[in-house]
Amino acid sequence: MPRTPAPLTQTPEWKALEVHARELRATHLRGLFRADPARGERLTVNALGIYFDYSKHRVNDETLKLLTGLAQASGLRDAIDAMFSGEKINFTEDRAVLHTALRAPKDAVVMVDGENVVPQVHAVLDKMETFARKVRGGDWKGHTGRTIKNIVNIGIGGSDLGPVMAYEALKAYSQRALNFRFVSNIDGTDFAEAVIDLNPEETLFIVASKTFTTLETMTNANSARDWALQALKDPAAIARHFVAVSTNADAVARFGIDTANMFGFWDWVGGRYSMCSAIGLSTMLAIGPKNFRAMLAGFHEMDEHFRTAPFERNLPVLMGLLGLWYNNFFDAQTIAVLPYEQYLKRFPAYLQQLTMESNGKRVTLDGKPVDYQTGPVYWGEPGTNGQHSFYQLIHQGTKLIPCDFIAFTRPAHKLGRHHDLLMANVFAQAEALAFGKTAEELEKEGVKDWLIPHKTFEGNRPSTTMLLDELTPAALGKLVALYEHSVFTQGAVWRVGPFDQWGVELGKVLAGRIAPELESKAEPELKHDTSTNALIRRYRRNK
């Protein structure tokens, strides 16, 4: 149990930021840029192939000094060292937090309970590679001798969101002869649509569940087994059409999967931080072992940058502190993530779990209620689609929504003017958000007086622009790790535990009680609230 420090909002660092925010709130980005002609190039960090432009934020040098001072006073440096050294910083579950070990090189040493875990990590990676080469090369055959053409990943949460996002993000690197589907929702439609046009003789299922008891995953896995056996007939076929990502060998064997084809991971890997583990098996099957390892190398580069760079030049620290600045001192409730890259269409959805399941907490590590806002809501869509959807609210609405723009200098597909037009929109949106358009400017343009209020843009809407060369496996690894460590930075300052998720448990427990009441042949005795009881009765009558 961590010691109980003074309340965060009573620290001198927090109070100094409150005073500073009141002073800066009336300052417009137009004024900040006029006062500092070099600002647009000075407030940037160019590291690891990411050009991180934060000049369009409502900050000055004093802001950055005060924010990094808050991070230092909050013990962020010690927290970083504790995580990387394998200390059990997830103390509510008595676990180390070592997703960083999943992408450590073979010669690294990461100790957990007196044992170097890196050799275990690479043993699993090597096993994944051997299996991936067999499937990709056509050497792994189905029960009837046919080549595998379809891969269906069954998981939920981190066992689904990471693999789906990575597959979509790196589709340009995927083996197109293989068809990938992802099933997560317990809604039967998800499974039915995923397999509707597949041949069971050519289909391989990956069942991803650490305990092999996850309700949604195992319900879908059992349906998959029934679907496969309806065509293949022989129960022995399961061993050729199913593999497992799990630690429960007994349950895997009972299901019919050969435990030689079980890929393990560890309790120091949280679900939403697991895409570099065996949970990434579908990713490796799609893009190949070489590209998968390049992605891991990108993760590791960002890990080392986070671990060693000074806070004022540290990308995850800056990202985390800027988010905290608006969340806690400007009453911003959300952050929009806007990738101008169609392949990153699932990236905002992936970040929703990473950020909100991690820092959506209302008590500190010592169990005391917080008296400040913690995790903001993350959301977004790829550009330019979002511009014709919700950008109106960001530009002229009443809510302050900081934005993360992500863009790439070189396109995945060169097609006429497309990429130049795409990039023109990135830069234009960030410029418009920051500087807006004044009534005076509109008047000079001859806009009619009655129309001027409608066409005025306040501006002063903050954004970060991240510009990378191209979307490669390594670049994706860097981006994901950047957000992972920004979440950690915020959690350390807010004094919350980013690595447990007790908030998702209550609904699961109640669902476990209600399901038998829905399925019972006899009328059950209902002991819920009157609303829930009425809904259950109505469902039973009409189903």
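This is a predicted model: local features need pLDDT of at least 70, side-chain atom pairs count only at pLDDT 80 or more; totals for chains, interfaces and linings use all residues.
Because six of the six residues of β7, which spans residues 203–208, are buried, the strand is largely enclosed by the rest of the structure.

## The six-stranded open sheet

Another element of the fold is an open sheet of six strands, in which the pairing is mixed and the strand order is β1-β2-β13-β12-β10-β11. Its edges are formed by β1 (44–47) and β11 (377–379), each of which pairs on one side only. On average, and with direction ignored, neighbouring strands of this sheet are turned by 15 degrees against each other.

Within the sheet, strand β2 (residues 50–53) pairs with strand β13 (residues 463–468) in the antiparallel sense over four bridges, and in that pairing Tyr-51 stands opposite Leu-467 of β13. Helix α14, comprising residues 315–329, lies across β1, β2, β10 (334–339), β12 (403–408) and β13, and runs at about 30 degrees to β2.

## The contact of helices α6 and α13

Helix α6 (residues 118–137) and helix α13 (residues 289–308) have axes that come within 10 Å and cross at roughly 145 degrees. On the α6 side the contact is made by His-122, Leu-125, Asp-126, Met-128, Glu-129, Ala-132, Arg-133 and Arg-136, and on the α13 side by Pro-289, Phe-292, Arg-293 and Leu-296.

## Aromatic pairs and a cluster

Across the whole structure, a search finds 24 aromatic pairs. One of them joins Phe-131 and Trp-140, whose ring centres are 5.0 Å apart and whose planes stand at 75 degrees, so the pair is edge-to-face; Phe-131 and Trp-140 are both buried. Trp-379 and Phe-390 also form an edge-to-face pair, with 4.6 Å from centre to centre and 70 degrees between the planes.

Because Trp-379 lies in strand β11 and Phe-390 in the loop between β11 and α16 (391–396), this pair ties together parts that are eleven residues apart in sequence. Phe-390 has a relative accessibility of 15% and therefore counts as buried, the cut-off being under 20%. Separately, one aromatic cluster is formed by Trp-14, Trp-325, Tyr-326, Phe-329, Phe-330 and Tyr-372.

## Cysteines

The structure holds zero disulfides, a disulfide being, in general, a covalent bond between the sulfur atoms of two cysteines. Cys-276 has a relative accessible area of 2% and is therefore buried, and Cys-403, with a relative accessible area of 1%, is buried as well.

Definitions and conventions. Residues are numbered from 1 along each chain as its sequence is written. Side-chain values use heavy atoms; hydrogens and water are left out. A disulfide is a pair of cysteine sulfur atoms within 2.5 Å. Buried means under 20% relative accessible area, exposed over 50%, partly exposed in between (1.4 Å probe, protein chains only). Helices (H or I, at least four residues) and strands (E, at least two) are DSSP runs, numbered from the N terminus. Two strands pair if DSSP finds at least two bridges between them. Axes are lines fitted to C-alpha atoms, for helices over the stretch in contact, and angles run from 0 to 180 degrees between N-to-C directions. Contact means heavy atoms within 4.5 Å. Rings of Phe, Tyr and Trp (its six-membered ring) pair if their centres lie within 6.5 Å; planes under 30 degrees apart count as stacked, over 60 as edge-to-face and the rest as tilted.
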